[in-house]
Amino acid sequence: MADMIGVGELKDMALWRAVAAEFIGTLLWIFSTIILYVHGGAWMSSIPAILGVCYAALVWAFRGHNAGHFNPVISLSALAFRKISVVRWVLYFCAQFLGAIVGAAFVRAMMEGQGTMRMGAMDKARDINDGQAFLIEFMGSLLIVLVYQETFWNPHTKAGELAPVAAGFAHIVAGTFTATFTAIGLNPVRAFASAATAVDGAWGTQWVGWVGPAVGAIVAILLGFVFGTHKGAKAVAPAHDDEKGKKMERIPPQ
């Protein structure tokens, strides 16, 4: 139980490096998402593919720190399958939240005066209602979280070092079918950061950007228990010094 809560991790620098990785990765991910969406121009249709490659690259870069989520709902899946502790999840969420706001703020500063100050905020298409927007975000997030957890954490996975590529492909597909309808939400901190930095606030469909991904993640987690993802679960334990001053082995990052 103590390992699952993870209070002891607070003394471990590996935790803080992972938190920093989540902050920087989320900052770069949200910056890329928003600036491409608000300034995509003629190559707007290529944005999901570009973002999928960007996500795969960032996950590949930071996965060695037991990080590489950049999305609270993926971190929620990691918590459910005991890949991270409760303390780590809370710190990851804070890092993701702040990273998203800073990334969006950079876009706002760069785009000031260019007439694009909605900041790519989530907004449903005119020909769909809120319920339909929710279903689109739900399905996209279900796809993203399910692919991530089954390629990274399922003990039967054969993905290995190619798991980040699978995660990137999932973002390409989900981004393609959500772009026209909800402006590629799929991430609660992305939805909040865009609305918070937009000139007019753009809070109209904010609930869709939170509830859709959250419900999608919960269903993905339940499916993970069906597929046996939990059988490979191992709580992340911090490294401690033993009585003789020797460093004990840390559970390798997932």
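Start with E161 and R63. Their side chains meet in a salt bridge, 3.5 Å from N to O. This is a predicted model, so read that distance as a computed one. Where do E161 and R63 lie? E161 is in the loop between α6 (130–152) and α7 (163–182), and R63 is in the loop between α3 (47–62) and α4. The pair therefore ties together parts that are 98 residues apart in sequence.

E161 is exposed, because its relative accessible area of 54% is over the 50% cut-off. R63 has 16% relative accessibility and counts as buried.

R88 sits in helix α5, and E9 sits in the loop between α1 (2–5) and α2 (13–38). They are 79 residues apart, so to speak distant parts of the chain, linked by the pair. Buried or exposed, R88? Buried, at 4% relative accessibility. E9 is buried as well, at 1%. In general terms, side chains of opposite charge can pair when their charged atoms come close.

Next, helix packing. Take α4, residues 72–80, and α5, residues 86–111. Their axes are 10 Å apart, and the angle is about 175°. That makes α4 roughly antiparallel to α5, because the angle is over 145 degrees. Which residues meet there? From α4 we have P72, S75, L76 and L79. From α5 we have V86, W89, Y92, F93 and Q96. By class, that contact holds seven nonpolar residues, two polar ones and no charged ones.

Stay with α4, but turn to α6. Here the angle is about 40°, with the axes 10 Å apart. α4 and α6 are therefore oblique to each other. The crossing is right-handed. On the α4 side, the contact uses V73, I74 and S77. On the α6 side, it uses I144, V145, Y148 and Q149. The class count for α4 with α6 is five nonpolar, two polar and no charged.

Zoom in on I144, in helix α6. I144 is buried, with a relative accessible area of 3%. What does I144 touch, leaving aside residues up to four places away in sequence? The answer is I74, A170, H171, A174 and L186. Look at I74 on that list. I144 and I74 are 70 residues apart along the chain, and their C-alpha atoms are separated by 8.3 Å.

L186 was on that list too. L186 is found in the loop between α7 and α8. The phi of L186 is near 65°, a positive value in a residue other than glycine. L186 is buried, with a relative accessible area of 6%. For background, most residues other than glycine have a negative phi.

F70 is another case. F70 has a positive phi of about 60°, and F70 is not a glycine. Where is F70 placed? F70 is in the loop between α3 and α4. At 0% relative accessibility, F70 counts as buried.

Back to the α7 to α8 loop. G185 is found there. G185 is buried, with 6% relative accessible area. G185 and I136 are 49 residues apart in sequence. In space, C-alpha to C-alpha, G185 and I136 are 9.7 Å apart.

Last stop, helix α8, residues 188–197. How many of its ten residues are buried? Eight, and α8 is mostly covered. The buried residues are P188, V189, R190, A191, A193, S194, A195 and T197. What covers them includes α2, α4, α5 and α9 (206–227).

To recap on α4. α4 packs roughly antiparallel to α5, is oblique to α6, and is among the helices that cover the buried residues of α8.

Technical notes: Residues numbered from 1 in each chain as written. Predicted model: local features only at pLDDT ≥ 70, side-chain atom pairs only at ≥ 80, totals over all residues. Heavy atoms only, no water. Axes fitted to C-alpha atoms, helices over the stretch in contact; angles between N-to-C directions. Helix = DSSP H or I, 4+ residues; strand = E, 2+ residues; numbered from the N terminus. Parallel < 35°, antiparallel > 145°, perpendicular 65-115°, else oblique. Contact = heavy atoms within 4.5 Å. Nonpolar A, V, L, I, M, F, W, Y, C, P; charged D, E, K, R; others polar. Buried < 20%, exposed > 50% of the residue type's maximum accessible area, 1.4 Å probe, protein only. Salt bridge = Lys/Arg side-chain N within 4 Å of Asp/Glu carboxyl O. Left-handed = near helix turned anticlockwise from the far one by under 90°.
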